[in-house]
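Please read them with the structure open.

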Amino acid sequence: MIFITGPLYSGKRDYACSLLNCDRPELEQRAVWDVQNLAADCADLNTLADELAQHDVVIATEVGGGVVPIDAKERAAREAAGRLSCLLAQKAERVVRVFCGLPMVLK
């Protein structure tokens, strides 16, 4: 599994398409994205990470940079998203951060 992360609208999906040599419709069958949204209400992040790792590519938008929300539920959702990203990075064969359209291989 390849784990791709980075800020919103940084070119993560375009990079995934170029990496897999596929077009957008095919990417939908080989990849899953916005996984950070799945973490908020998940009771078992380890199981979720195992399930997501079955895809060829997993894409997560980085959250947590910036102002800390006053709402406790929003803070917990950010924490869960960060922990899920850490689990996915551990399971991944390759980890890439895309920033301003530039991929940086971390692992």
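1. Asp34 counts as partly exposed, because its relative accessibility is 29%; buried means under 20% relative accessible area, exposed over 50%, and partly exposed in between, with a 1.4 Å probe and protein chains only. Asp34 sits in the loop between strand 2 (31-33) and helix 3. Its phi is positive, about 60°, although Asp34 is not a glycine. Helices (H or I, at least four residues) and strands (E, at least two) are DSSP runs, numbered from the N terminus.

2. On the source: this is a predicted model, in which local features need pLDDT of at least 70 and side-chain atom pairs count only at pLDDT 80 or more, while totals for chains, interfaces and linings use all residues. Residues are numbered from 1 along each chain as its sequence is written, and side-chain values use heavy atoms, with hydrogens and water left out.

3. Cys100 also has a positive phi, near 55°, and is a residue other than glycine. It is placed in the loop between strand 4 (94-99) and strand 5 (102-105). With a relative accessible area of 62%, Cys100 is exposed.

4. Asp41 belongs to the loop between helix 3 (36-39) and helix 4. Its relative accessibility is 68%, so Asp41 counts as exposed. The C-alpha atoms of Asp41 and Ala77 are 7.6 Å from each other, although the two residues are 36 apart along the chain.

5. The largest nonpolar core has 17 residues, of which Phe3, Val35, Leu45, Leu52, Val58, Leu84 and Leu88 touch the most other members. Such a core is a set of buried Ala, Val, Leu, Ile, Met, Phe, Trp, Tyr and Cys residues joined through side-chain atoms within 4.5 Å. Helix 4 (45-52), strand 3 (57-61) and helix 5 (72-91) are the elements that give it two or more residues. Another core, of 13 residues, lies apart from it and includes Tyr15, Cys17, Leu20 and Val98.

6. Which residues does Leu88 contact, leaving aside its neighbours within four places in sequence? They are Met1, Phe3, Val35, Ala49, Leu52 and Val58, where contact means heavy atoms within 4.5 Å.

7. Helix 4 and helix 5 pack at an angle of about 50°, and their axes are 9 Å apart. Axes are lines fitted to C-alpha atoms, for helices over the stretch in contact, and angles run from 0 to 180 degrees between N-to-C directions. On the helix 4 side, Leu45, Asn46, Leu48, Ala49, Asp50 and Leu52 meet Ala80, Arg83, Leu84, Leu87, Leu88 and Lys91 in helix 5.
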